[in-house]
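This briefing concerns strand pairing, a pocket and aromatic pairs. Please consult the sequence and the structure alongside the points below.

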Amino acid sequence: MNDLDARRELIKTVRQMNALGINQGTSGNASIREGNGYLITPSGMAYDDMTPEDIVFKKFAGDYESPNGLRKPSSEWRFHEDILKTRRDVNAVVHTHGKAVMTVACLNRDLPAFHYMIGVAGGDSVRCAPYRTFATQELSDVTLIALEDRKACLLANHGQIALGGTLKQALSMAQEVETLCDVFCRTLAVGGPTILTKKQMDEAISKFRKGYGTGKSFLPNPEQ
């Protein structure tokens with residue numbers, strides 16, 4: 001397999017999701033762009049049991065296959081495929097069901113600019129896509145809207161999606177959003193947060209676009 005390293009990285013990523021406490025069980029999934037399609041974790045399989053032969057390759061708008069011929073792609077393959085087809089700045093997608101992101105997602109509200117690190121996701125909020133049934137095209141459609149000019153979004157009554165140029169970046173984004181959701185919930189318990197102004201967030205986002213705190217710029221650039 002010429003893509004063996006990428007398959008191993010996918011397995012490592014989903015195992016890290018659980019080890020970091022931002023996901024549990026087999027509820028999450030991940031994908032990475034590969035050739036004329038993408039590699040994605042298989043449906044309903046324990047992460048610790050996965051081998052590179054279990055990872056599924058799916059062509060854009062085409063067939064799928066796993067080297068061992070036993071696996072189907074994650075049931076959420078639709079939004080993985082649509083994101084990777086639509087967003088040329090994105091090579092990796094991570095989906096998690098962390099406790100904090102699920103808590104905010106179940107409020108069906110955007111994560112506001114209560115902390116400047118909201119800007120690392122590309123704007124002055126982390127949007128929450130409206131609820132749609134999991135594993136449907138309808139969910140993928142609202143997800144794409146929520147992710148416009150963003151590197152992460154919440155899914156109402158569901159979880160989160162985080163994007164990156166690499167799986168490492170996407171995982172880091174997912175961990176950051178989980179932390180922000182956790183802190184946001186804590187502020188709600190003691191009266192609610194102070195929201196930063198648009199000017200304050202614009203200044204923070206400008207620094208993120210220049211690479212501050214990320215090692216390099218990987219935020220969506222609205223001028224491109």
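The points that follow are grouped by topic.

This is a predicted model, in which local features need pLDDT of at least 70 and side-chain atom pairs count only at pLDDT 80 or more, whereas totals for chains, interfaces and linings use all residues. Residues are numbered from 1 along each chain as its sequence is written, and side-chain values use heavy atoms, with hydrogens and water left out.

**Strands and hairpin**

- Strand β2 (residues 37-40) pairs with strand β3 (residues 56-59) in the antiparallel sense through 4 bridges; strands are DSSP runs of E with at least two residues, numbered from the N terminus, and two strands pair if DSSP finds at least two bridges between them.
- Gly37 has Lys59 in β3 as its bridge partner.
- Strand β4 (residues 64-65) runs antiparallel to β3 and is joined to β3 by 2 bridges, with Phe57 standing opposite Glu65 of β4.
- The hairpin of β3 and β4 has 4 residues between the strands, and Ala61 there takes a positive phi near 55°.

**Second largest pocket**

- The second largest pocket holds about 180 Å³ of space; a pocket is an open set of points on a 1 Å grid over the protein atoms alone, where a 1.4 Å probe fits, with protein on both sides within 12 Å along at least five of seven lines.
- Grid points are joined across faces, edges and corners, and the volume is the space filled by probe spheres set on the points.
- Its lining comprises 18 residues, and Thr26, Ser27, Asn29, Ser74 and Ser75 lie nearest the centre; lining residues have an atom within 4 Å of a point.
- By class, the lining of this pocket has 12 polar, 5 nonpolar and 1 charged residues. Ala, Val, Leu, Ile, Met, Phe, Trp, Tyr, Cys and Pro count as nonpolar, Asp, Glu, Lys and Arg as charged, and the others, Gly among them, as polar.

**Aromatic pairs**

- The structure holds 3 aromatic pairs, defined by ring centres of Phe, Tyr and Trp (its six-membered ring) within 6.5 Å, with planes under 30 degrees apart counted as stacked, over 60 as edge-to-face and the rest as tilted.
- The pair of Tyr38 and Phe60 is tilted, because the ring centres are 5.7 Å apart and the planes lie at 35°.
- Tyr38 belongs to strand β2 and Phe60 to the loop between β3 and β4, so this pair ties together parts 22 residues apart in sequence.
- Tyr38 is buried at 0% relative accessible area, whereas Phe60 is partly exposed at 22%; buried means under 20%, exposed over 50% and partly exposed in between (1.4 Å probe, protein chains only).
- Tyr116 and Phe208 form a stacked pair, 6.4 Å centre to centre with 15° between the planes.
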